Amino acid sequence: MSDPVHEEDGKSSREASRSTSNQTTGLPQSRVKKAAAEMTNFPLNTEVTFAMTRATELFLEKLVENVPVRPREDQEDQMELHYDDLAEYVEDKKHLRFLLDIIPCRCLLDSVLPGK
């Protein structure tokens, strides 16, 4: 039985899986697979792990592209991303508010735990 996803290029599912596993990603696929395993009971094959890893990379690239950056204090020609700018950007964008638990804005301990 042929795989409709790879039918056009003449690759079988097994060949496509091998070629996917040979592709490299910036993030370690083992970590993505481990994180996904904590959220689901379904085993992930190589293609799914690669797709999830690549999607995560693209999401992070797009996020970082849109956050305002500042020139480095010691080298004006280089830019740097500050945590506070990222947290503020996440808080300001409605479609990114799901990240607020992961990237919260900083606050003083006194404002969270009065009397300490």
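## First stop: an aromatic pair

Start by selecting phenylalanine 98, which counts as exposed at 54% relative accessibility. Here buried means under 20% relative accessible area, exposed means over 50%, and partly exposed is in between, using a 1.4 Å probe and protein chains only. Before going further, note that this is a predicted model, in which local features need pLDDT of at least 70 and side-chain atom pairs count only at pLDDT 80 or more, while totals for chains, interfaces and linings use all residues. Residues are numbered from 1 along each chain as its sequence is written, and side-chain values use heavy atoms, leaving out hydrogens and water.

A search of the whole structure finds one aromatic pair. Phenylalanine 59 and phenylalanine 98 form that pair, and it is tilted, with 6.2 Å centre to centre and 45° between the planes. (Rings of Phe, Tyr and Trp, the last by its six-membered ring, pair if their centres lie within 6.5 Å; planes under 30 degrees apart are stacked, over 60 edge-to-face, and the rest tilted.) The pair links distant parts of the chain: phenylalanine 59 sits in helix α3 (residues 46-66), phenylalanine 98 in the loop between α4 and α5 (109-112), and they are 39 residues apart.

## Zoom out for a moment

Switch to a cartoon view. The protein chain has five helices and two strands, and along the sequence they follow the pattern α-α-α-β-β-α-α. These are DSSP runs numbered from the N terminus: helices are H or I with at least four residues, strands are E with at least two. Of the 116 residues in the protein chain, buried ones make up 19%.

## Into the core

Which residues make up the largest nonpolar core? Select Leu63, Val67, Leu86, Ala87, Tyr89, Val90, Leu96, Leu99 and Ile103, nine in all. Helix α4 (residues 83-92) gives the most to this core, with four residues. (A nonpolar core is a set of buried Ala, Val, Leu, Ile, Met, Phe, Trp, Tyr and Cys residues joined through side-chain atoms within 4.5 Å.)

Stay on α4: its buried residues are Asp85, Leu86, Ala87, Tyr89 and Val90. Their cover includes α3 and β1 (70-71).

Next, pick valine 90, which lies in helix α4. Is valine 90 buried or exposed? Buried: its relative accessibility is 0%. Leaving out residues up to four places away in sequence, valine 90 touches Leu96, Arg97, Leu99, Leu100 and Ile103, where contact means heavy atoms within 4.5 Å.

## Back along α3

Threonine 49 is your next selection, and its place is in helix α3. It counts as buried, at 4% relative accessibility. Neighbours within four places aside, threonine 49 is in contact with Gln29, Val32, Lys33 and Leu44.

## Last stop: the surface

Finish with valine 69, in the loop between α3 and β1. At 38% relative accessibility, valine 69 counts as partly exposed.
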